[in-house]
Amino acid sequence: MTPTNPGRAGDHSAPDIHSLDPGIHADLKNKLDYAGYLRLDDLLSCQAPLSSPPHHDELLFIIQHQTTELWFKLAIHEVREAMRLVAADQLEASFKILARVKHIQAQLLNQWSVLATLTPSEYVQFRHVLGPASGLQSHQFRLMEFLLGGKEERLVPLFRHNPAAHADLEAALRGPSLYDEYLRHLARRGLPVPREVLERDYTKTHESHPGVVAVFKAIYSDPERYWDEYEMAEKLVDIDEAYALWRFRHVKVVQRIIGWKRGTGGTAGVSYLAQGVDRRYFPELWDVRTEIGA
């Protein structure tokens, strides 16, 4: 007698999915399912390697950068909400959001280790298909920098070919950053933030001001009185430090893969990226550390 195969089509002895859990929705015809909600057909069709014949490692390169852009999208969404809350003097409500941004940054930092598995001999086999495409042209990365205060007006023309991205960057360039909103809050709190800092040209990167250092020294000297402002300062240092680590890791991974070659976008490559490693979005929050207890 032939043994029954429980997995055979038409075999009524096959186990029912409800044996796992009677509450499972099994009939999903014409209903919203997981793939539909996440639009996975669209998402998973966005990886289109250009190498011919297709090189195995190009998919890694594409997914690495696409996931980075997704994390940037979420980080921008969160920072903009944090800016709205700070402008409304709701610092405490912004803390959870800024903590989330720090965790997003951790994801961005950790995923460099995946790209680092791409060797020079593998990358060189499909690098040519990128043409002039480069991370330099990531408008979301540039937007994130602008929102945090790292303004570089000279880079905005790179996005003229993309009117929506160009307009978004222009608006962020000319508007206050997260740090500017925090300094405005401190002024409303009665702390002596210098007028020239509050009324500065937002298109320029903020530079350290001794008057602002003094304000932060007062906050760090009396955290019980200025608890929310003190906590906010530490949240911003977390973000600033995380981006410095991300930029450093970026430099080392690029150096590991292409050495000292020029970047595909025309930059000097590693030496260009290295210029940003020591960038500080919130300079007085670093400078005040030298003053505390001095």
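**Core packing and aromatic pairs**

Beyond its neighbours within four places in sequence, Y182 contacts V86, L91, F216, I219, E229, M232, A233 and L236 in this predicted model. Y182 and F216 touch the most other members of the largest nonpolar core, which comprises 68 residues. Helix α12 (residues 227-258) supplies the largest share of this core, with 12 residues. Both Y182 and F216 also belong to one aromatic cluster, whose other members are F72, W112, F141, Y179, Y243, W246, Y281 and F282.

In total, 15 aromatic pairs were identified. In one of them, the ring centres of F61 and F126 lie 5.8 Å apart with the planes at 70°, so the arrangement is edge-to-face. This pair links distant parts of the chain, since F61 belongs to helix α3 (residues 58-87) and F126 to the loop between α6 (120-123) and α7 (139-148), 65 residues apart. F61 is buried, with a relative accessible area of 15%, and F126 is likewise buried, at 0%.

The rings of F72 and W246 also form an edge-to-face pair, with centres 6.1 Å apart and planes at 65°. Because F72 is located in helix α3 and W246 in helix α12, the pair ties together parts separated by 174 residues in sequence. Relative accessibility is 3% for F72, which is therefore buried; W246, at 7%, is also classed as buried.

At the surface, L32, Y34, Y37 and L38 form a nonpolar patch with about 530 Å² of accessible area together. Of these residues, Y34 is found in helix α1 (residues 34-38) and is exposed, with a relative accessible area of 61%.

Definitions and conventions. Residues are numbered from 1 along each chain as its sequence is written. This is a predicted model: local features need pLDDT of at least 70, side-chain atom pairs count only at pLDDT 80 or more; totals for chains, interfaces and linings use all residues. Side-chain values use heavy atoms; hydrogens and water are left out. Patches are made of residues with over 30% relative accessible area and no salt bridge: like charges are joined within 9 Å, nonpolar side chains (Val, Leu, Ile, Met, Phe, Trp, Tyr) within 5 Å. Accessible areas come from the Shrake-Rupley method with a 1.4 Å probe; for residues, only the protein chains shown count as cover. A salt bridge is a side-chain nitrogen of Lys or Arg within 4 Å of a carboxyl oxygen of Asp or Glu. Helices (H or I, at least four residues) and strands (E, at least two) are DSSP runs, numbered from the N terminus. Buried means under 20% relative accessible area, exposed over 50%, partly exposed in between (1.4 Å probe, protein chains only). A nonpolar core is a set of buried Ala, Val, Leu, Ile, Met, Phe, Trp, Tyr and Cys residues joined through side-chain atoms within 4.5 Å. Contact means heavy atoms within 4.5 Å. Rings of Phe, Tyr and Trp (its six-membered ring) pair if their centres lie within 6.5 Å; planes under 30 degrees apart count as stacked, over 60 as edge-to-face and the rest as tilted.
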